[in-house]
Amino acid sequence: MDTTANTRQGLKELINRAGIGLALLGLVVFFSVFTEHFLTANNITNILTQITINLILAVGMTFVILIGGIDLSVGSIMAFAAVIAGKAMTMPGLGPTEAILLAVMAGLLAGMLCGLLNGFLSAYWSIPSFIITLGMLNIARGAALQVTDAQTVYAFPKEFSEFGSSLIFGVPVVFILALLLVAVAWFILNHTILGRMIYGIGNNEEAVRLAGHSVFRYKMIAFTICGLTAGIAAIVYMARLNIASPIAGIGFELNAIAAVIIGGTSLNGGRGSVIGTLMGALIIGVLANGLILLGLSDFMRQMITGVVLIAAVLLDQYRARYGRST
Amino acid sequence: MTNIQRLEAGSDNDETVLRVTGLKKHFGGVKALDGVDFSLRKGEVHALVGENGAGKSTLIRVLTGVHTFKDGAITLGGASFAPQSPQQAKARGVQVVHQELNLLSHLSVAENISIEALPRNRFGLYDRAETRRRARLALDAIGLSDVDVDAVVSTLGIAHRQLIEIARALQSDSAILILDEPTATLTDREKLRLFDIVRAMAARGVTVVFVTHHLDEVFAICQRVTVFRNGKTIITQDIPQTSPAEVVRHMVGREVGQLATKRPAIPANVPIALSLKSFRVAGSSSADGVSLDLRYGEILGIAGLVGSGRTELLRGIFAIDPVVSGTLQRDGVDISLKNPAQAIAAGIGFVTEDRKDEGLILSMPIAANTTLANMNLVTRLGLLRHRGEASIATEYGAKLQLKFGKISDAVSSLSGGNQQKVVLAKWLATAPRVLMLDEPTRGVDVGAKAEIYAILRDLADQGMAILVVSSELPELMTLCDRILVMAQNAIQGCVMPADYAEENILKLAYRQS
Amino acid sequence: MSILKSLAAATLSGLLLTTAAFAEDKPVVGLVMKSLANEFFQNMMVGAEAHAARRGDYELRAVGMQNETDFESQINAVENFITEGVDVIVIAPADSRAMVGPIKKAIEAGITVVNFDVALDAAAKTEAGLELAFVGPDNRGGAKLAGDALGKALGQGGKVVIIEGNPSADNANERRLGFEDSIAEYGLELVDSRTAHWETEEANSVFSTMLTANPDIQGVMAANDSMAIGVVRALEAAGRTDILVVGFDNVPAVGPMIEDGRLLATVDQFGTDMAANAIDLGLGVVAGGPPLEGWVKTPVSLVTK
């Protein structure tokens with residue numbers, strides 16, 4: 001009997017989520033009608049490639065926002081992880097496979113360490129994560145510049161950059177990787193204790209603590225996951241652009257937060273989903289792409305992007321309110 | 001008392017200030033108000049009672065301009081009344097003091113009292129002296145001369161905060177003042193003080209609507225009572241013409257059985273489940289601390305005024321707050337608990353005082369809340385078994401006669417009594433041997449209250465050791481095998497069933513024995 | 001944020017103050033740079049430090065910012081140098097209008113000021129009654145060198161796009177104008193022109209979308225090499241080898257791309273020497289040489305395979 005309950009719950013959620021899906025569909029239809037190239041295989045490949053980094057960052061950000069935190073440092077962590085990985089990959093005397101493996105490990109580890117530090121500092125001393133990660137934004141950026149002396153790291157093995165631009169049936173491999181991350185995150189959030197605790201902490205931290213769970217531990221895990229996704233984003237960045245720049249990813253945190261919020265996750269924590277985040281990232285990507293195809297000036301483009309972000313959140317608010325009173 | 005008599009005589013004049021007829025308010029498919037009739041006379045204290053979900057809160061929200069309405073009519077002072085906002089309601093003299101406090105906790109008492117219209121001096125700047133003067137006046141008017149107007153609200157106890165909110169509502173010229181569960185957090189002494197204030201207000205011609213779950217209060221202070229059930233007005237009666245039993249019958253729509261009967265004392269050979277010796281929590285004002293023994297199968301009550309250290313004691317036992325000295329024994333063995341997880345592992349459960357802030361994750365499903373304290377029941381290798389979880393939650397729901405739609409519904413969709421049952425289910429799912437409860441029936445309606453008492457009695461009969469803290473003395477006297485009375489972080493004495501009387505308990509609580 | 005930045009800058013200048021030994025007879029040169037996170041300026045500073053060590057007859061105090069537009073820290077740095085009474089201030093203004101006031105103050109305090117890299121706004125200078133020479137590369141001329149290389153390769157009617165720098169930056173505007181000069185001279189067709197804010201990733205995204213809209217693009221003019229790298233990667237991802245790209249700056253990372261033809265050309269403005277050259281000019285004035293006038297152009301040259 002609870003399966004029917006689950007299905008009905010799922011259906012309700014689907015309808016609830018359809019709001020954001022409808023917005024996405026509306027944008028797609030609009031751009032398909034008014035531009036010549038929007039709905040072409042090439043362009044769709046482009047969009048998917050272009051949203052991949054933001055999507056990966058936003059998946060990690062979803063965990064942090066769900067526990068009621070925020071991570072302003074992901075753009076900087078991405079740059080730091082990228083230059084660490086870049087340095088590892090260009091170490092002399094390594095074969096391409098070893099170089100790539102070492103680099104990926106180093107990049108992911110660097111990202112995780114930064115995230116762990118964010119989580120530890122904000123959870124242990126109960127300092128708002130806004131402040132701690134604002135500090136990390138500067139620390140990681142400074143570290144990236146220090147490590148490289150502000151020089152771009154380049155000359156990666158050919159195999160690596162091929163991975164960055166390879167397609168499977170027209171779908172970028174890096175986007176498939178990001179989708180896989182979305183799936184894993186969805187599974188964690190809906191089918192593990194960790195996920196249950198993350199929603200619980202976001203809703204009522206005290207109730208979770210009094211039920212005998214370590215809030216500290218789960219907060220650390222959420223931030224570490226966010227750091228890890230910044231590390232993954234760093235690897236994808238390198239594979240796509242074939243360089244590792246210490247000034248990469250400036251402002252990326254805001255795009256990632258925007259994707260999460262547009263996707264219907266509450267900034268107060270406790271409510272939202274990673275599927276919504278996927279939708280949010282798609283909306284941002286479709287908009288950025290479509291407005292260029294439409295031939296709008298850069299400044300108009302920037303304004304419209306802002307307007308759409310606000311509209312998406314208002315729509316979600318309206319939906320939440322309407323949904324409550326029915 | 002003289003006030004009341006004078007008012008009762010005056011109420012014969014039948015000066016109706018507010019009349020509600022055929023009021024309907026629907027939220028989607030839910031009929032929160034389904035044709036309500038309600039009237040108020042000038043200067044009366046009118047009780048509004050009904051189980052949770054009966055429509056009391058919705059009516060208050062309509063009267064105070066939070067909700068608008070389409071069907072029905074309201075007249076206030078002879079003119080039509082349809083407030084579109086709380087400001088409009090206030091302008092017509094309708095004020096409410098909410099159950100949830102609306103004070104700005106980092107501002108001073110004076111600033112809070114004047115926050116809606118901060119006074120300005122002739123230069124148009126904020127006038128601090130005038131703010132303080134008005135606050136002093138407002139506080140003195142309700143007999144709160146002991147409260148410093150410059151005190152920051154967060155430093156005051158919850159009872160004082162409530163009185164300050166009443167002072168705030170009263171300083172503007174209210175025609176109708178609605179008090180929503182005003183005594184929920186008050187001790188008996190504070191309650192009496194509030195009643196005096198209410199009587200004085202009524203004598204000045206203010207009409208007071210008293211929304212409460214406590215019928216003793218209704219009969220102590222009100223002249224008339226209106227009963228709501230399922231969004232409808234059941235009856236309005238003059239207090240002298242009715243009885244508590246009759247009101248309860250109207251509220252629940254059926255007769256409520258007598259509460260659990262007295263039982264023989266627990267024999268001394270029953271093993272002790274939990275034993276405290278000179279147990280002192282941080283901030284305790286007592287040098288000796290608390291010593292007590294709790295036996296299996298026993299329901300031990302702890303009475304005391306707010307601030308006597310009852311809640312702090314339970315929080316100390318459950319290792320939420322630090323313990324400074326003393327020992328804690330489980331089954332005769334000294335143990336030292338470092339966090340709630342270890343307390344749970346030691347077989348202790350703790351139903352906290354505040355289910356919204358500490359007990360429940362309101363927006364999460366009933367099922368998820370039920371298993372929150374014992375995730376092992378429903379996980380394998382860290383993975384959740386949703387189906388197993390639903391069936392376990394359903395099982396506990398059935399055991400506790402939980403009334404719910406779907407087990408996957410959010411807890412926030414339940415009434416107060418059923419929410420409390422979910423908290424209980426959560427702790428029962430940990431299979432505790434010792435269960436501690438702090439104010440187990442706060443904000444719970446009469447029917448559910450009786451059910452919760454029966455459940456606790458049943459658990460004790462099955463051998464569970466139960467420790468109950470409550471401000472409601474009838475509750476403790478109904479439920480407990482023994483009542484310990486606390487004051488100033490120490491046990492002042494023990495009252496046995498043979499001596500159960502509010503007077504005996506209060507004497508100890510006020511340290512008058 | 002800006003408080004943080006100013007603090008950081010102040011600490012940095014303070015550090016340099018304490019470490020640099022005061023030598024009475026040596027003139028002191030205050031070097032005010034833009035973002036040291038930008039490798040162009042980082043290299044420039046390294047060049048200046050090497051230059052100071054080599055000449056040995058002046059004292060160098062260098063201050064950098066945290067980002068390109070942080071003119072508040074620059075104002076603080078200039079004011080600090082005035083207080084300390086340095087002999088020469090060599091400055092790459094972060095904002096061509098905002099820096100006019102502080103620079104005027106420095107000149108009134110008797111300090112020799114050399115303005116390099118980005119010229120102060122002419123109108124703002126006139127308004128403030130400030131006369132100051134500019135020492136720097138011809139961004140427009142440099143961009144035209146790269147544009148001309150593309151024009152020659154494509155011939156009349158070739159379809160090109162421009163990837164611009166930050167819209168508010170002077171050098172971004174100059175370079176765009178230089179590209180447009182080439183477009184006019186070689187009769188190219190400008191299909192689209194958009195900013196990617198100097199950024200590799202953004203250039204990659206923006207250009208791949210432009211390519212979708214205009215698949216018949218034949219050439220790309222990127223206002224710096226970071227963006228050119230993003231464009232080259234977008235072409236690789238799209239499997240297009242028929243489109244020619246030119247950049248600007250000659251950063252090390254484009255070396256291999258010039259080598260194998262993925263990048264047709266870039267422009268070297270000898271950034272490493274730029275600050276050093278400006279310092280030489282300033283010291284010349286202090287030593288009694290004639291004041292600088294007008295635009296002292298520093299060399300730019302085309303880099304191809």
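These questions and answers cover the chain contacts and the domains of a predicted model.

Local features need pLDDT of at least 70, side-chain atom pairs count only at pLDDT 80 or more, and totals for chains, interfaces and linings use all residues. Residues are numbered from 1 along each chain as its sequence is written, chains are lettered from A and ligands numbered from 1 in the order in which they are written, and side-chain values use heavy atoms, with hydrogens and water left out.

Me: Of the two pairs of chains in contact, which chains share the most contacts?
Reply: Contact means heavy atoms within 4.5 Å. Chain B and chain C do not touch, with their nearest C-alpha atoms 27 Å apart. Of the two pairs in contact, the most contacts are shared by chains A and B.

Me: What area do chain A and chain B bury between them?
Reply: Buried area is the accessible area (1.4 Å probe) that two parts lose on being put together, summed over both. Here 27 residues of chain A meet 33 residues of chain B. Carbon and sulfur atoms carry 61% of the buried area, which is about 2,400 Å².

Me: Which residues form the salt bridge between chain A and chain B?
Reply: A salt bridge needs a side-chain nitrogen of Lys or Arg within 4 Å of a carboxyl oxygen of Asp or Glu. The count between chain A and chain B is one. Its closest N and O atoms are 2.7 Å apart, and the partners are B:Glu389 and A:Arg196.

Me: Which helix gives the most to the side of chain A that touches chain B?
Reply: Across this interface there are 10 residue pairs in polar contact, both residues at pLDDT 80 or more. A polar contact is a pair of N or O atoms within 3.5 Å; within protein, one must be able to donate a hydrogen and the other to accept it, and residues adjacent in sequence count only if both atoms are side-chain atoms. Helix H1 (2-34), helix H7 (173-191) and helix H8 (193-210) of chain A each supply at least two residues to this side. With 12 residues, the top contributor is H8(A).

Me: How many residues on the side of chain A that touches chain B are charged?
Reply: Ala, Val, Leu, Ile, Met, Phe, Trp, Tyr, Cys and Pro count as nonpolar, Asp, Glu, Lys and Arg as charged, and the others, Gly among them, as polar. This side has nine nonpolar and 13 polar residues. The charged residues number five.

Me: Which residues of chain C lose the most area to chain A?
Reply: The contact takes 31 residues from chain C and 36 residues from chain A. The two chains bury about 2,800 Å² between them, 52% of it on carbon and sulfur atoms. Together 24% of what the chain C side buries comes from C:Arg194, C:Glu201 and C:Arg233.

Me: Which residue of chain C forms a salt bridge with A:Arg240?
Reply: The interface of chain C and chain A holds two salt bridges. One joins A:Asp298 and C:Arg194 at 3.2 Å, N to O. In the pair made by A:Arg240, the closest N and O atoms are 3.0 Å apart and the partner is C:Glu201.

Me: Where does the largest share of the side of chain C that touches chain A come from?
Reply: There are 21 residue pairs in polar contact across the interface of chain C and chain A. Helices (H or I, at least four residues) and strands (E, at least two) are DSSP runs, numbered from the N terminus. Helix H2 (39-55), strand E7 (189-195), helix H8 (200-213) and helix H9 (225-238) of chain C each give two or more residues. The largest share, 10 residues, comes from H8(C).

Me: What area is buried between domain 1 of chain C and domain 2 of chain C?
Reply: An automatic or database assignment sets the bounds: domain 1 is 2-132 + 271-297 and domain 2 is 139-268. The contact takes six residues from domain 1 of chain C and four residues from domain 2 of chain C. Carbon and sulfur atoms give 44% of the buried area, which is about 480 Å².
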